[in-house]
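This report covers how two chains are related and how they meet.

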Number of protein chains: 2
Amino acid sequence: MVSAKHLVIGQSGGATAVINASLAEAIRAARERKEVDQIFGARYGIQGVLGKQVTDLRVLGDDDLQALARTPSAALGSCRYRLSEGEAEGALANLLALGAGYFLYIGGNDSADTGHQIALAAEAIGSDLRVVCVPKTIDNDLPETDHCPGYGSAARFLALAVQDSALCTESIPTHYPVKVIEVMGRDAGWLAAASALGQTREQDPPHLIYFPERPLDPDEFLADVERVHRSVGYVVVVVAETVRDLDGSPLGEGGHQGMDAFGHRLLAGAAPYLVSLVRDQLGLRARYDKPGDLQRMSSACVSEVDRMEAEMVGRDAVIAAVAHGQTDKMVTLVREQAGSGYASTTGLTDLDRIANQHRPLPAEFVSESGKGITAQFRDYALPLLGEPLPAPIRLDGPVVTW
Amino acid sequence: MVSAKHLVIGQSGGATAVINASLAEAIRAARERKEVDQIFGARYGIQGVLGKQVTDLRVLGDDDLQALARTPSAALGSCRYRLSEGEAEGALANLLALGAGYFLYIGGNDSADTGHQIALAAEAIGSDLRVVCVPKTIDNDLPETDHCPGYGSAARFLALAVQDSALCTESIPTHYPVKVIEVMGRDAGWLAAASALGQTREQDPPHLIYFPERPLDPDEFLADVERVHRSVGYVVVVVAETVRDLDGSPLGEGGHQGMDAFGHRLLAGAAPYLVSLVRDQLGLRARYDKPGDLQRMSSACVSEVDRMEAEMVGRDAVIAAVAHGQTDKMVTLVREQAGSGYASTTGLTDLDRIANQHRPLPAEFVSESGKGITAQFRDYALPLLGEPLPAPIRLDGPVVTW
């Protein structure tokens, strides 16, 4: 009989609204396995392994785990840390010195690279340490998985945010006719696309989406805004924070950066830059919303489908590593095609197929104009948002005059 | 027997998450009164009266009214319009020509001015038109009322937003140790204060709140940020978008405005300006969230207490105007002092006590440092947010090393 070994789990990269749901469910699953002795959480991801700082997770009671699953952000602390030469061996040595038999790492493509390097180091010395990664990213840009835990909730936040905030612009179009909403998503347009999921009619906002996969031409942008303003009466623009201009510089950086009267560099960023353009070139009042980290983490907008899947990948990572002895793998989400409703299950893929890879928004999800979404994208994404979005009512019946 | 007359209702000023709840309930109440004949909604506030554009609200069914009460923003359209010389008389003439006996106007202090002028014009010609205003503003800056419908939901959004977004900063403090969150509230600090309502421990974010009632000294700001960074390890700053510097200029305007390389004026604004300061003067990485109009209108963060009170003031405005023949009044919210739980009822006040007035955050609600809130403010504000805020769990147990 194999003696029980410790399990170490860490969280890495940008936090999400459901990354703790994966952690909580992995702890629950690990507690059920007799092959697992202690359960340790690495503080601040791999930094807690390299710096020998972990915390005991067996002390958490059922109520704690339930609260943990509903707490946004990475409760163990996270990091953005790339292993340098020799550090994978150092991390492995520390894990083995602790008595760890299992290392689970919840994160995205950078974290998969960390996991992969440690798995290779273990293989090189004939260690039986099992390394399994758990997917997590609001950006939804990991290959090999149908989608990523964290995306559904961020997508729900943005679909609601654009729907709600656009109603404000629609209600008072003479005051601020143009609204720009800046969204995240790194170099992939998955979140920008999600901002349109509240649309039910052709003229519904957002009217123009600028995806990070395509450069933004300021002249074309201004012509777009003017055209929508003429036809709809107000304009809601969504811009990815990483959109680049025709020269390849991020909007609001490079040539667009300014200095104030005291010589401080001013931050511009994509949305303030586009607002300035609209105001100066078209003479239209414009404002912007930049939800920033709120879109990662809104506890009020969690998709129950997303939370459930985050739990599922956490549990199945434990089962893969502990029960099946898998290593150098990431758990994936697999969409089940049978039946009419949405359902998903999990699979496994090699970490070297994830590490440092990224998946842009496919062309078939972008409308012909390049600034909207397709029905295919709606079919793909809407189930991930959980409960149906609330439908606003409009009082645009016939006008009575006298 | 008095013959039934028409009721005209409009929405004005910045929209809120519950302004349609007031509208829906006013329609329900008006349908129950035999003194009311037709029920008309003015499109875009007083502009729909001046321009003779109203819509029939009797056509709405019970399901429509239920959906309306849950739709954020002003479904009739809103305006920011100040009556000029003679326009009150013009609006009155249009209302009387339509056959209106009752005019209800949902809005803030500017809207109260509009209502007051029309009421005075009616009195001057001996018309029995009844004018009653319904309070609405996320800014909570109306005098005479304990609080304003719309505030509780915006306050709930901001308390949750700061709690959630700060957890992100706390989880990865070495990456972006400083976060600035820019909030609304015009010249009053009610919303800025609400951002701290998620605090449960002394060191909880937001660590520094810059209220619009006090100028911001950049040197003091930098010293504050440095001190909190040293003691807590990360810093969450809340800044009102209207905060002024020592010269009285809005932060990010005046001397702080920049030009980009192409000669476009750059928008700075309070949060981008403070982020630039932190980065350039302290060498700390900083980022900002600017929820913008999302804080007005988040359908996911509506306070049920706020929605219920928005309905109550809508209903009681109809009763005041129609059943009691009141005019030149605004409905107020009155906090009931008896018993242990929170309860409210309504009152009436004269419109000239509201028109163009505003109520700053009282000194006893601001902590001694000038950058936090007091227990008194918590007692005042927390009941308005509805359900208790979710409590995040922290995994900050003892560190195990080996």
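The model is predicted: local features need pLDDT of at least 70, side-chain atom pairs count only at pLDDT 80 or more, and totals for chains, interfaces and linings use all residues. Residues are numbered from 1 along each chain as its sequence is written, chains are lettered from A and ligands numbered from 1 in the order in which they are written, and side-chain values use heavy atoms, with hydrogens and water left out.

In the interface, 92 residues of chain A are in contact with 92 residues of chain B (contact means heavy atoms within 4.5 Å). The copies meet through the same surface, because 100% of the interface residues of chain A are also interface residues in chain B. Some values for the pair of chains follow.

| Item, chain A and chain B | Value |
|---|---|
| Buried area | about 7,300 Å² |
| Buried area on carbon and sulfur atoms | 61% |
| Salt bridges | four salt bridges |
| Polar contacts, both residues at pLDDT 80 or more | 28 residue pairs |

Buried area is the accessible area (1.4 Å probe) that two parts lose on being put together, summed over both. A salt bridge is a side-chain nitrogen of Lys or Arg within 4 Å of a carboxyl oxygen of Asp or Glu. A polar contact is a pair of N or O atoms within 3.5 Å; within protein, one must be able to donate a hydrogen and the other to accept it, and residues adjacent in sequence count only if both atoms are side-chain atoms.

Arg287(A) and Asp293(B) form a salt bridge through their side chains, at 3.9 Å from N to O. On the side of chain A that touches chain B, helix α6 (residues 151–171) of chain A gives the most, with nine residues. Helices (H or I, at least four residues) and strands (E, at least two) are DSSP runs, numbered from the N terminus.

An open sheet of eight strands has the order β13(A)-β12(A)-β5(A)-β4(A)-β1(A)-β2(A)-β3(A)-β14(B), with mixed pairing; two strands pair if DSSP finds at least two bridges between them. Its edge strands are β13 (344–350) of chain A and β14 (399–400) of chain B. Strand β14 of chain A runs antiparallel to strand β3 (residues 54–56) of chain B, joined by two bridges, and Val399(A) has Thr55(B) as its bridge partner.
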